[in-house]
Amino acid sequence: MSASTHPGTETLLRYAAGTLPAGPRLLVDVHLEGCPECRATVARLMSVGGALLEACEPLALAPDALDRALARLDRPSTRRNPAVLHHAEAAGATPPKRWPLPEGLKLPPGVVLPPAIASRRIGRLVPVAPGVRLGLVHLEEDPDAQVLLFRIAPGRAIPQHTHAGLEFTHVICGGFSDPDGHYGPGDLVECDAEVDHSPRVDDDGECICLAAFDGRIRFRGLLGMVTRPFL
Amino acid sequence: MSVQPAEPRVAASGAELSALIVAIATRADREAFGRLFRHFAPRVKSYLVRNGLSANAAEELAQETLLTVWRKAAYFDPTRAAASTWIFTIARNLSIDLKRRERYGDTYQAEAHEDEVDETSGETMLMTAEREARVRAALAKLSEEQATIVRLSFFQEKPHSQIAQELGIPLGTAKSRVRLALNRLRALLEDLK
Ligand SMILES: [Zn+2]
C-alpha cells in the first residue's frame, strides 16, 4: 500500500490561503521545515494566490483611503508586524526562544524537537494509558488549538479516538504502522473523520509524535476520562 | 504631496508593479506608493471580503497591507516573487492575525524577525517572473468549473459547502470534485519545474 506521508494538496492549499486552523498549521510548518518538495508546492500555491488576487474584481475603498494611507506613511508602526512572523515560520527560520524539554520527555540521542515546536511551551507529559504519555503543546496565538505531543512505547497502539474533522500526525522519531502503510520521522499523516484507525508503534523503539485536529477530538474509554482536563 | 489624482486606466504589467515596490524601497517614492495603492488596495479588500471579513475590517486591513508594503519594501526581491504574490502573502498573514485577535484580543504579540524577512524566502519563494507567468498559464488550463473550485478553495473558510451551493451539487460530490480539481492544479503546477 502506498500511504501518503506528506500533507494533501488541499491542506497545502489551505495553508497557503491562510485558512488552515492554528494546530494543523503548526504541524504543516513542522513538516515544511524538513520537506523541500512541499515547500516548493507551497511556494507555487502562494503564487496562485497572487494570481487570484490580481484577478479579483476590485472593490472600491472609501474616497479618502489613499490620503489616509499617505498620512500614515511616516508614522512608525504601532504594532509589531505579524506578517513577518508567519513568513519566517513558513521558511523554517530560527525561532525566537526555546523552552526546556517538558518533564517526562526524553529524546533519543541525536533527536531534537523541530524548531517550530521547540519554541513552544509544552506541558508535562503524563501517562494516559499503558505505555502512552501525552503532553499539551501550548499555542499562544490560539489557546483553543489542540496540539498533542505523544510518547508511545514500542509495540503499543496509539489510543482509539474519534474526531470530527481531519487529524494530522507528525512523526518526530520512531515510527508506526496503520493498515495503509508505515510512517517514519518527518512524515505527516492525514486521517479522515470516517476512518476509525488504531495505528501501532514499531517494536524496535518508542515513537514520539505530534497530533493536531481540524475539529474537536474525543478519546474513548479510560483515556477519554484521563485526557478530559487537557482537552 | 505630489500624487497624481487620476490613474490612467492601463493594465499594469507585473514588471511595472514590481518596479513600483522597488521605487518605494530605494527612494521612498510616494507617487509609486499611490499607484500601487490604487491598483492593489481595492483587490486586497475584495479578497478579504470573500475571505469572510466585514467591509470595514477588509478596508482597514487593505490599508494595513499597503502600509506594510511601504515599510517592508526593502525586503521585496523582484527576481523571486511577483508583486501580487508578495502582497498576497502579506494580506494573508495580516488576516490570520486579525482573525486571531478577534477571538482572543490583543494579548499575544507576534514575534517580529525584522532582519530575516526575505533572506529566508529564497527557499520558499523560488518564483521568478517567468514562473509567475507560467502559474497563470496553468490556471488558464483549468476548466471553468475547476477554476471556480480553486478560487473558492482559496478564498472561502468553509469552501466545500460554498462550492456545493455555487455548483448546485451535493456536499459529497463537491468534496470529490475539489479533490480532482486540486490534483489537476497541482499536476499543472508541477509541470512548471
Ligand atoms: Zn512534504
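How many residue pairs are in polar contact across the interface of domain 1 of chain B and domain 2 of chain B?

A: The rule finds two residue pairs in polar contact across that interface, both at pLDDT 80 or more; a polar contact is a pair of N or O atoms within 3.5 Å, where within protein one must be able to donate a hydrogen and the other to accept it, and residues adjacent in sequence count only if both atoms are side-chain atoms. This is a predicted model, in which local features need pLDDT of at least 70 and side-chain atom pairs count only at pLDDT 80 or more, while totals for chains, interfaces and linings use all residues. Residues are numbered from 1 along each chain as its sequence is written, chains are lettered from A in the order in which they are written, and side-chain values use heavy atoms, without hydrogens and water.

Domain 1 of chain B spans 10-119 and domain 2 spans 123-193, with bounds from an automatic or database domain assignment. Twelve residues of domain 1 are in contact with eleven of domain 2 (heavy atoms within 4.5 Å). The two domains bury about 980 Å² between them, 47% of it on carbon and sulfur atoms; buried area is the accessible area (1.4 Å probe) that two parts lose on being put together, summed over both. B:Arg50, B:Asn51 and B:Arg80 supply 43% of the area that domain 1 buries against domain 2, more than any other three residues.
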